[in-house]
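Please look over the sequence and the structure below. The paragraphs after them go from one residue to its surroundings.

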Amino acid sequence: LATRATDPGPGQAVGYEWRVTRNGVPFATGVESTFTFTPTDEGAYAVALTVSTTTGLRAASAPVTVQVV
């Protein structure tokens, strides 16, 4: 998975927070613009991303669910 956020202004930084849950239980996390995880078993994996700036701006995606069978 990958995302790209543009710099919101001079001297400001962008941060990433990837979260994966499996059947509602935390499974994996990441803090880079690219993120990889490997499902370990069948189930529903939900992936969400929050992007924030050093000035406190935040944008969060709705979770995307992948069903592994």
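Tyr45 touches Val20, Thr21, Arg22, Phe27, Phe37, Pro39, Thr40, Val64, Thr65, Val66 and Val68, leaving aside residues up to four places away in sequence; contact means heavy atoms within 4.5 Å. This is a predicted model, in which local features need pLDDT of at least 70 and side-chain atom pairs count only at pLDDT 80 or more, while totals for chains, interfaces and linings use all residues. Residues are numbered from 1 along each chain as its sequence is written, and side-chain values use heavy atoms, with hydrogens and water left out.

Tyr45 also belongs to the largest nonpolar core, together with Tyr16, Trp18, Val20, Ala28, Phe35, Val47, Leu49 and Val51, 9 residues in all. Such a core is a set of buried Ala, Val, Leu, Ile, Met, Phe, Trp, Tyr and Cys residues joined through side-chain atoms within 4.5 Å. Buried means under 20% relative accessible area, exposed over 50%, and partly exposed in between (1.4 Å probe, protein chains only). Strand 3 supplies the largest share of this core, 4 residues.

Thr50 is found in strand 3 (residues 43–53); strands are DSSP runs of E, at least two residues, numbered from the N terminus. Thr50 counts as buried because its relative accessible area is 6%. Among the residues that Thr50 touches are Gly15, Tyr16 and Ala59.

Strand 1 and strand 2 (residues 25–30) run antiparallel and are joined by 5 bridges; two strands pair if DSSP finds at least two bridges between them. Trp18 stands opposite Gly30 in strand 2. The two strands form a hairpin with 2 residues between them, and Asn23 in the turn has a positive phi of about 50°.
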